[in-house]
Amino acid sequence: MNPIVIIGSGMAGYGLVRELRKRDRDTPISVITADDGRAYAKPNLSNALAAGKSPEQLASQTPEQMVEAQNVRVLSHTRVSAIDPAARIVATDQGAIAYSKLVLALGADPIPHGLTGNGAVFSVNDLGDYTRFRAALAGKHHVAILGGGLIGCEFANDLAGAGHGVSVVHPGLWPLERLLPEAMGQALADALAAKGVDWHFGRKAQAVEQTLSGQRLTLDDGSVVEADLVLSAIGLRSRTTLAAGAGLKVNRGIVVDRHLASSDPDIHAVGDCAEVEGLVLPFVMPLLQQVKALAATLTGQPTQVAYPAMPVVVKTPACPLAVL
C-alpha cells in the first residue's frame with residue numbers, strides 16, 4: 001500500500017500527521033522535508049528573545065521523536081523536483097516516492113526585498129533562518145526592519161525589549177494598516193516608540209550598502225538609516241511552483257476547494273500555500289481548521305473546512321492586540 005505523502009514539515013505538515021494519527025494509527029505516512037525535520041511552532045520565532053529561548057530550544061521534537069511518537073517516516077534534507085500526478089509519483093533528489101494521496105504543505109517564501117547594493121539582508125521564514133539571524137545578531141546593537149506588518153512589529157517588539165535599537169521602514173502610514181484602523185495602529189506605533197523603535201512611515205528602502213560599521217539603507221526620499229543588521233519582513237508569497245509544474249491550478253496559492261482538494265482530486269494543499277475558495281489565510285487558526293478537516297477526509301469521512309471566528313494574536317507586549 002502506497003503511503004499518504006506530505007511535502008513539508010512545518011505546522012501544517014506535522015499538524016496533519018498528528019490529526020491523522022488521532023484517527024488512524026496504521027496507514028503509512030511519509031513526510032518529505034527540505035530541512036532537518038525538527039518540529040517547531042513558527043510563530044515563536046518572532047518572540048524568542050523575550051521568551052529567553054535559543055533557536056535550539058524552539059524545537060519541540062526531533063524527527064526521530066516524531067517517527068517514534070507518530071509512526072511516520074520522515075525524509076529530511078530531501079528536495080522535491082517534480083510531481084507526476086498520472087503515475088502518483090514524487091521525484092526527489094533521493095529517488096522517486098509513490099503516493100496514494102499527496103498533501104502539499106509547502107508554506108510560503110519571503111517576498112524578495114528588491115534592494116540594490118552590496119549589503120546583506122536577512123529574512124526569517126524557518127528555524128534555520130532564525131538560527132542564522134540569531135548568530136549574526138550576537139554583539140550587534142541596531143537592527144533595521146523592512147516592513148511594519150505582523151512579523152515586522154513582533155520582531156521590533158522582541159528586539160527592542162532585548163535592548164537592541166530598532167528602526168522600522170514601512171510604506172504604510174501606520175503599522176498593520178491592513179488589519180488595524182488608524183487610531184489603533186497609532187497606539188501600537190506609540191507603544192513601540194516608547195520602547196525605542198524608530199519609525200519611518202510612508203517610506204520604502206531602495207538600496208543597502210555594506211559599510212565599515214554595518215549596513216546603510218537608503219530610502220526613497222534620499223534619507224539614510226544606519227544599522228548593524230537589516231531584516232526583511234515585507235510579506236510572504238505562497239509556494240506554487242511545484243504545483244504549477246504538475247499541472248495543478250494555481251492563483252495566489254494552490255487552488256483548492258473546501259475539502260482542500262486541488263484540481264487533481266488525489267492531491268491536497270494546506271497552510272500558507274493553499275488558496276481555499278479564493279482566500280489565502282497565513283495564520284495559525286485557519287491552518288488548524290484545515291488539518292482537522294483534511295485528516296477526516298483522508299480517513300474516509302469527507303469533511304469541508306469551516307472557519308469559526310479566528311482572532312489573530314499580535315505578539316507585541318508593548319501594546320497587546322488580538323485582531324479579528
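A polar contact, as the term is used here, is a pair of N or O atoms within 3.5 Å, of which, within protein, one must be able to donate a hydrogen and the other to accept it. The structure described is a predicted model, and its features are taken up region by region.

**Gln301 and the end of helix α9**

By that definition, the side chain of Gln301 makes a polar contact with the side chain of Arg23, at 3.4 Å. Gln301 is found in the loop between α9 and β23, the latter covering residues 312-314, and with a relative accessibility of 45% it counts as partly exposed. When residues up to four places away in sequence are not counted, Gln301 touches Arg23 and Ala296. Although Gln301 and Asn2 are 299 residues apart in sequence, their C-alpha atoms lie 20 Å apart in space.

Leu298 lies in helix α9 itself, and it counts as buried because its relative accessibility is 18%, where the cut-off for that class is under 20%. Its C-alpha atom is separated by 7.9 Å from that of Leu20, a residue 278 places apart from it along the chain.

**The nonpolar cores**

The largest nonpolar core has 46 residues, and those with the most contacts inside it are Ile6, Leu16, Leu102 and Leu104. Helix α9 gives the most to this core, with 6 residues. Apart from it lies another core, of 37 residues, which includes Leu45, Leu58, Phe133 and Leu176.

Helix α5, residues 127-137, has Leu127, Asp129, Tyr130, Phe133, Ala136 and Leu137 buried. The N-terminal end of α5 is capped by Asp126, which has a side-chain oxygen 3.1 Å from the backbone nitrogen of Gly128. Just after the helix, Gly139 takes a positive phi of about 80 degrees.

His164 lies in the loop between α6 (150-161) and β13 (165-170). Is this histidine buried or exposed? At 15% relative accessibility, His164 counts as buried. The side chain of His164 reaches the backbone oxygen of Lys140 at 3.2 Å, and, with neighbours within four places in sequence left aside, the residues in contact with His164 are Leu137, Lys140, His141 and Leu159.

**Ser232 in strand β18**

Ser232 is found in strand β18, residues 229-232, and a relative accessibility of 10% is why it counts as buried. Beyond four places in sequence, Ser232 touches His113, Val121, Phe122, Ser123 and Leu146.

**Positive phi away from glycine**

Most residues other than glycine have a negative phi. Against that background, His77 has a phi near 50 degrees, a positive value in a residue other than glycine, and Glu277 has a positive phi of about 45 degrees although it too is not a glycine. His77 is placed in the loop between β5 (73-75) and β6 (80-84), whereas Glu277 is found in the loop between β22 (274-276) and α9.

The relative accessibility of several residues discussed above is gathered here.

| Residue | Relative accessibility | Class |
|---|---|---|
| Ser232 | 10% | buried |
| His164 | 15% | buried |
| Leu298 | 18% | buried |
| Gln301 | 45% | partly exposed |
| His77 | 52% | exposed |
| Glu277 | 52% | exposed |

Conventions. Residues numbered from 1 in each chain as written. Predicted model: local features only at pLDDT ≥ 70, side-chain atom pairs only at ≥ 80, totals over all residues. Heavy atoms only, no water. Core = buried A, V, L, I, M, F, W, Y, C linked by side-chain atoms within 4.5 Å. Buried < 20%, exposed > 50% of the residue type's maximum accessible area, 1.4 Å probe, protein only. Helix = DSSP H or I, 4+ residues; strand = E, 2+ residues; numbered from the N terminus. Contact = heavy atoms within 4.5 Å.
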